[in-house]
Amino acid sequence: TIARQLENTGTAQRLRLTMEQAISRALDKNNRVRASRFALQKARWDKKHAWTLLLPTLSFNTRYTWIDDSTFALRDFSRYFQDPNLPFEIPQTVFQSSYFSSFDVSMTLFDGALLNGLSIASANVDRSEHLSESTRENILFLVISSYLNVLKSREILKLQQEYRELSKLNFEKAERLHTAGRYSKTEALRWQVDYQQQKSVVVNSESILRSDRSVLGRVLNLKTDEEIDIAAELPQSLLAESQKLALLSDDDILKIVQLSETELVRANAALAAARSNAEVSRLLHRNAYASYLPNVTVNYTHAWWENNTLALDNYSPKTFMVNVSIPIFSSFRNLTSVKSSYYEYKQTQEEFYDQLQNTRLLLTETANRLIDLKTQREHNKAEVEYNEHNYRVVEQKRERRLLSNIEFIDAKLNLQNARLNEINSHYDFISAMVELYYLLGRLGVVVGG
């Protein structure tokens with residue numbers, strides 16, 4: 001369950017979430033995930049509906065009819081003017097007010113469109129299943145990526161705030177020294193500029209963090225009275241998997257993305273959905289030919305003789321009929337429909353292959369980015385170590401007034417940038433790994449499912 005803790009923030013409710021809890025909430029609350037589930041249920045019921053179209057239908061029909069006097073006289077002409085010398089009486093078959101009831105059974109014996117509809121409905125279920133899985137994978141990717149962005153922005157903000165406080169202390173110290181006549185006006189102003197710069201950087205970092213929180217909140221489908229607060233540490237599953245990936249050689253990372261078309265479509269849910277869409281389009285093209293085929297239906301009627309009462313007559317006529325309809329000429333509607341569906345099929349086929357090639361390109365770019373970031377992380381680690389040592393040396397020299405304030409500020413900024421680069425490369429490497437696993441359909445490795 002998602003842990004909830006109310007804080008004194010007006011009417012806002014702050015949600016404290018781990019990454020696993022954020023994923024669980026997104027899969028339960030996100031509108032796109034819910035919509036894809038409904039679409040899948042619809043496709044399954046559409047398939048059942050397609051089967052019902054081949055089953056017989058039974059209906060009970062009844063009608064009431066009233067005709068005016070002149071029409072009634074014309075229809076019952078023989079009874080009005082029958083020969084009185086006839087040895088029999090002509091029975092009444094026409095009534096001014098009449099009732100008629102019947103049971104009607106109808107069943108399709110052959111209809112090409114209905115038979116093809118079964119295949120189309122089954123293909124639609126497969127497509128909806130792949131689309132649902134694709135949506136789920138995409139939301140997982142967005143949640144993890146947004147979660148990582150919030151963590152990175154928060155860590156960067158924390159670092160910037162530390163440097164802002166350090167700049168504030170140095171600025172205040174410089175003002176005191178300037179007042180005492182030990183610092184020049186230029187040196188004091190230089191520290192003031194540095195402090196204002198650090199304040200501006202902090203404000204910018206706060207804005208980025210708010211934006212990242214908003215993106216994560218949108219993916220989690222937060223309400224207007226809810227706020228998000230996430231765990232302070234990276235999930236161990238992400239750290240462990242990133243460490244494994246970092247130990248691989250460059251060639252091993254490139255081999256991960258070298259998949260055949262069949263393997264890639266099987267792994268990537270979005271590609272599987274695109275291929276299913278092309279298959280549906282192919283079946284719709286095949287179904288267009290059904291307009292050239294005959295339709296065969298059977299009808300059976302059990303009726304009661306039409307009379308002037310609601311009571312069912314003893315005489316019950318029964319009718320059985322076989323209807324065969326063969327299309328001969330439809331003013332080229334059949335031809336144009338077939339051609340239209342063919343080019344629609346070719347369109348979806350080309351779109352699938354385009355998406356396939358784009359996915360291959362993304363995989364290659366992501367693998368190359370991982371290789372680059374893996375090297376950058378090693379470089380940034382060494383750079384931080386060097387700048388920390390250099391900052392300590394410069395600080396000691398500054399205390400002995402062997403260096404100027406500008407040299408000291410440069411050393412401080414170099415260390416600050418080195419730490420920022422280390423944070424960025426660390427999170428960027430993990431984010432690139434998440435994107436790689438998303439494209440390969442392996443996000444379950446990092447979320448434990």
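A salt bridge here is a side-chain nitrogen of Lys or Arg within 4 Å of a carboxyl oxygen of Asp or Glu. Keep that cut-off in mind for each stop. The model is predicted. A search of the whole structure turns up 14 salt bridges. This tour visits some of them.

**Stop 1: Arg164 and Glu165.** Select both side chains. Their closest N and O atoms lie 3.3 Å apart, so the pair counts as a salt bridge. Now check the surface. Arg164 is partly exposed, at 23% relative accessibility. Glu165 is partly exposed too, with a relative accessible area of 38%.

**Stop 2: Asp28 and Lys29.** Select these two next. Their side chains meet in a salt bridge, 4.0 Å from N to O. Lys29 is partly exposed, at 38% relative accessible area. Asp28 is also partly exposed, at 40%.

**Stop 3: Arg16 and Asp229.** Move to strand E1, residues 13–17, and pick Arg16. Which residue does Arg16 pair with in a salt bridge? Select Asp229: the closest N and O atoms are 2.3 Å apart. This pair links distant parts of the chain, 213 residues apart. Asp229 sits in strand E4, residues 226–230.

Is Asp229 buried or exposed? Asp229 counts as buried because its relative accessibility is 13%, and the cut-off for buried is under 20%. Arg16, at 29%, is partly exposed.

**Stop 4: the network.** Salt bridges link Arg16, Arg154 and Asp229 in a network. As a general point, side chains of opposite charge can pair when their charged atoms come close.

Notes:
Residues numbered from 1 in each chain as written. Predicted model: local features only at pLDDT ≥ 70, side-chain atom pairs only at ≥ 80, totals over all residues. Heavy atoms only, no water. Helix = DSSP H or I, 4+ residues; strand = E, 2+ residues; numbered from the N terminus. Buried < 20%, exposed > 50% of the residue type's maximum accessible area, 1.4 Å probe, protein only.
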